[in-house]
Amino acid sequence: MIKKDVSRSEIRFRRAKPSDAEVASRLLFKSFPKLATFIIGLGDEAQAKHILAKIFHQKGHRFSYEYAKMVLYRGRIVGIVMAFPGKMMGKLNRQLAKVMTQQYRIRGKLALLIRALPLVFIKAFTRPVILQVRGVAATEAKPMPVDAIC
């Protein structure tokens with residue numbers, strides 16, 4: 001890996017679009033690979049990435065394109081920032097739970113419930129006026145040209 005200084009003028013942000021689902025799912029997965037594999041993919045990394053891509057285009061949950069900004073470096077997508085108002089976290093998490101359960105049949109739903117249930121008892125620190133940034137991922141591996149997804 002070659003390290004070099006990056007000028008701020010070379011970095012741009014743009015709103016994510018539903019068509020960004022493939023690259024966004026890879027970047028989201030990179031921000032929490034073990035947890036995503038365990039809970040979202042029920043132990044299967046490929047399944048976790050597939051589901052993240054599938055649900056990214058849907059509105060109303062914390063992994064939706066609505067709350068994503070794509071990070072561009074010299075016209076290529078190299079990262080993603082997921083951000084939403086902290087006061088919306090409960091609603092977005094409930095909607096994510098609904099969307100996630102739709103991805104599995106009964107046995108998968110039960111496994112998902114068992115794996116995700118402990119997260120219900122974790123109380124996140126939020127302030128109503130603070131914007132919470134909940135996930136940042138970046139990659140050097142195979143960045144996509146913006147033209148390829150626009």
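Q: Which exposed residues sit on the face of H4 turned away from its buried side?
A: That face carries Lys 91 and Arg 94. Exposed means over 50% relative accessible area, buried under 20% and partly exposed in between, with a 1.4 Å probe and protein chains only. Helices (H or I, at least four residues) and strands (E, at least two) are DSSP runs, numbered from the N terminus.

Q: And which residues of H4 are buried?
A: Met 89, Leu 92, Leu 96, Val 99 and Met 100. Down the axis of H4, these buried residues fall within an arc of 95°, so they line one face of the helix. The arc is taken from the directions from the helix axis to the C-beta atoms.

Q: Before I go on, what kind of model is this?
A: A predicted one: local features need pLDDT of at least 70, side-chain atom pairs count only at pLDDT 80 or more, and totals for chains, interfaces and linings use all residues. Residues are numbered from 1 along each chain as its sequence is written, and side-chain values use heavy atoms, with hydrogens and water left out.

Q: What's the mean pLDDT of the chain?
A: The mean is 83, and 79% of the residues reach 70 or more. pLDDT is the predictor's confidence in each residue, from 0 to 100.

Q: Where does pLDDT stay under 50?
A: Over residues 141–150. Among the elements, helix H6 (residues 146–149) has the lowest mean, 43, while helix H3 (residues 45–56) has the highest, 97. Where pLDDT is low, the predicted coordinates should not be read in detail.

Q: New topic: how many aromatic pairs are there?
A: Two. Rings of Phe, Tyr and Trp (its six-membered ring) pair if their centres lie within 6.5 Å; planes under 30 degrees apart count as stacked, over 60 as edge-to-face and the rest as tilted. Phe 32 and Phe 63 are stacked, at 5.6 Å centre to centre with 25° between the planes.

Q: Where do Phe 32 and Phe 63 lie?
A: Phe 32 is in the loop between H1 and H2, and Phe 63 in the loop between H3 and E2, so the pair ties together parts 31 residues apart in sequence. Phe 63 is buried, at 12% relative accessible area.

Q: What about Tyr 67 and Phe 84?
A: Their ring centres are 6.1 Å apart and their planes at 80°, so that pair is edge-to-face. Phe 84 belongs to strand E3, and Tyr 67 to the loop between H3 and E2. Phe 84 is buried, with a relative accessible area of 1%.

Notes: Contact = heavy atoms within 4.5 Å.
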